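Take a look at the model below. Then follow the tour, one region at a time.

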Amino acid sequence: MRAAATVLAACSATAWQTLPAFAHASDRGHVLLLPTGHYIAGAAMAVAASFLVLAILPPERLVSLWRTRLPLGSIPDLRLPVSLASFAAFAALIPAGFIGSRDPLSNPLPLTVWTLLWVGLTLAQGLFGNLWAWLNPWYGPCRLVSRALGSKADGNGPLRLPEWVGYWPALILFLAFAWFELIDPAPDDPARLAIAAGTYWLFSFVAMLAFGFERWSRQGEFLSAFFAMIGRFGVVEGERQGNRLKLALCWPGAKLSDVEPPPPSGALFLLATLASVSFDGFSKTFFWLGLNGINPLELPGRTALIGTNSLGLMAVFAALAAVGLFAVLIGQRLVRSTVPLTKAAGLFVWSIVPIALAYHFSHYLTALLVNGQYALVALSDPFARGWNLFGTAHMPVEAGIAMGAESAWLIWNLQAAAIVGGHVLAVLVAHLLAWRLHPSAASASLSQLPLTVLMIGYTVFGLWLLSTATAG
């Protein structure tokens with residue numbers, strides 16, 4: 001079996017050299033080394049076992065442990081200078097998209113946007129906390145302009161967003177972003193991406209001045225809204241005290257202890273983030289291509305699949321929302337709850353976040369390992385002028401880090417462990433949130449039964465995505 005795996009890995013390495021490069025997602029260059037059924041059965045049982053254990057443990061002790069904090073001291077609030085530095089870096093990347101290398105793996109803009117920001121920073125947010133609050137490239141410019149105009153950067157703008165708007169602007173903008181990433185024919189083209197990124201920054205900047213930085217960041221700017229939500233699962237908690245930030249270590253998801261349920265638009269926004277990553281993997285499977293009458297070995301390219309994949313993305317989003325709502329509805333009916341369905345669904349949607357993070361890690365792991373190295377090289381010479389700003393311009397890129405039998409075994413097991421761990425954490429979060437709605441431990445556990453079944457099914461689906469044949 002090891003010999004076969006080595007041969008297959010060698011074939012993958014050869015194929016890697018002939019495939020076109022894409023900056024925002026690397027294809028899996030390895031195969032599953034152990035029987036798929038063993039992984040799937042074990043993972044499903046792990047998620048189910050976590051539910052049974054939580055059903056037995058007293059919720060009071062879990063909540064008490066959840067609220068435990070370990071002080072880490074305080075640091076100065078450097079949000080303004082860090083944000084201005086982030087904006088300066090972004091402002092330098094935009095012209096690099098136009099005058100730098102045309103190769104997406106040599107130009108720093110697509111590598112920064114798709115690899116360092118969308119993959120790397122998302123994972124860092126979920127692990128550590130809301131780093132985006134400091135790196136936000138809009139905060140510093142908004143604050144300076146607001147000071148010049150005599151208004152507060154975090155105050156209300158001259159216009160007001162009606163309450164019914166909710167998260168609809170962020171949801172619509174995120175779906176547009178997902179479409180551009182997953183379906184647009186050339187999301188990695190540096191010039192095309194520079195136009196899209198520059199236009200979006202300017203649009204968001206104007207909206208923040210019009211509606212207020214905090215208000216638009218919370219409801220309209222999808223990156224800020226998304227990062228703030230997943231930052232609640234980071235293990236570092238920050239509390240602002242004057243000009244300093246008091247830090248404490250906490251359990252993953254502990255910042256949800258007093259979270260309020262978002263409106264329906266906020267719940268849909270969180271579900272859309274999971275649906276986009278799931279569809280990204282699903283759209284490359286032989287099953288999806290065969291379902292649409294496409295020979296996976298003669299993939300026609302993105303342009304021929306724009307209509308098909310556009311409908312597919314919305315279908316996965318709609319199906320995930322419908323199944324999730326149905327699971328919550330059945331759970332509420334089992335315990336004859338009088339809690340409004342919108343409130344229950346809004347609260348339980350927070351349990352989707354660790355699943356989304358797990359899929360994000362698993363799906364983009366090889367992209368981060370390989371394209372992250374390309375990013376270090378490209379950032380040293382952003383305009384293709386022969387510079388070596390950070391001493392990494394001539395660094396050899398080890399693409400083989402994601403190839404070979406041993407690497408394949410390690411990467412696939414890391415991906416599988418992330419998916420199982422994310423679902424187990426989701427079960428824990430859902431159980432503790434259910435206890436807020438149903439103070440009876442038995443009712444809280446019973447209300448989570450349909451949602452747990454859904455999570456087990458999604459675990460199976462995720463592991464199948466990792467192990468099934470893909471194209472493109």
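Where does arginine 336 lie? Arginine 336 sits in the loop between helix 14 and helix 15 (341–348). Before going on, note that this is a predicted model, in which local features need pLDDT of at least 70, side-chain atom pairs count only at pLDDT 80 or more, and totals for chains, interfaces and linings use all residues. Residues are numbered from 1 along each chain as its sequence is written, and side-chain values use heavy atoms, with hydrogens and water left out. Helices (H or I, at least four residues) and strands (E, at least two) are DSSP runs, numbered from the N terminus.

Arginine 336 has a positive phi of about 55°, although it is not a glycine. Is this residue buried or exposed? Arginine 336 counts as exposed because its relative accessibility is 78%. The cut-offs are these: buried means under 20% relative accessible area, exposed over 50%, and partly exposed in between (1.4 Å probe, protein chains only).

Alanine 384 belongs to another loop, the one between helix 16 and helix 17 (405–437). Its phi is near 55°, a positive value in a residue other than glycine. With a relative accessible area of 45%, alanine 384 is partly exposed.

Now turn to some buried residues. Serine 146 is found in helix 7. Its relative accessible area is 7%, so serine 146 is buried. Glycine 212 is 66 residues away from serine 146 in sequence, and their C-alpha atoms are 9.6 Å apart in space.

Leucine 161 lies in the loop between helix 7 (139–149) and helix 8. Leucine 161 is buried because its relative accessible area is 10%. Which residues does leucine 161 contact, leaving aside its neighbours within four places in sequence? They are Phe211, Arg215, Trp216 and Gln219. Contact here means heavy atoms within 4.5 Å. Isoleucine 355 is 194 residues from leucine 161 along the chain, and 31 Å separates their C-alpha atoms.

Move on to helix 14 (residues 306–334), which holds asparagine 309. Asparagine 309 has 9% relative accessibility, so it counts as buried. Not counting residues up to four places away in sequence, asparagine 309 touches Ile183, Phe279, Ser283 and Trp288. Leucine 52 is 257 residues from asparagine 309 in sequence and 39 Å away in space, C-alpha to C-alpha.

Next comes a pair of helices. Helix 8 (residues 168–182) and helix 12 (residues 264–282) pack at an angle of about 5°, and their axes are 9 Å apart. Therefore helix 8 is roughly parallel to helix 12. Axes are lines fitted to C-alpha atoms, for helices over the stretch in contact, and angles run from 0 to 180 degrees between N-to-C directions. Angles under 35 degrees count as roughly parallel, over 145 as roughly antiparallel, 65 to 115 as roughly perpendicular and the rest as oblique.

Which residues meet there? Helix 8 brings Trp168, Ala170, Leu171, Phe174, Leu175, Ala178 and Leu182. Helix 12 brings Ser265, Leu268, Phe269, Ala272, Thr273, Ser276, Phe279 and Asp280. By class, the residues of this contact are 11 nonpolar, three polar and one charged. Ala, Val, Leu, Ile, Met, Phe, Trp, Tyr, Cys and Pro count as nonpolar, Asp, Glu, Lys and Arg as charged, and the others, Gly among them, as polar.

The largest pocket has a volume of about 1200 Å³. Of the 39 residues that line it, Asn130, Ala133, Ala228, Met229 and Arg232 are the closest to its centre. A pocket is an open set of points on a 1 Å grid over the protein atoms alone, with protein on both sides within 12 Å along at least five of seven lines; lining residues have an atom within 4 Å of a point. Grid points are joined across faces, edges and corners, and a volume is the space filled by probe spheres set on the points.

Which helix gives the most to this lining? Helix 10 does, with six residues. The elements that each supply at least two residues include helix 11 (222–230), strand 2 (236–241) and strand 3 (244–249). The lining divides into 20 nonpolar, nine polar and 10 charged residues.

Definitions and conventions: On a 1 Å grid over the protein atoms alone, a cavity is a set of points where a 1.4 Å probe fits but cannot get out, and a pocket is an open set with protein on both sides within 12 Å along at least five of seven lines; lining residues have an atom within 4 Å of a point.
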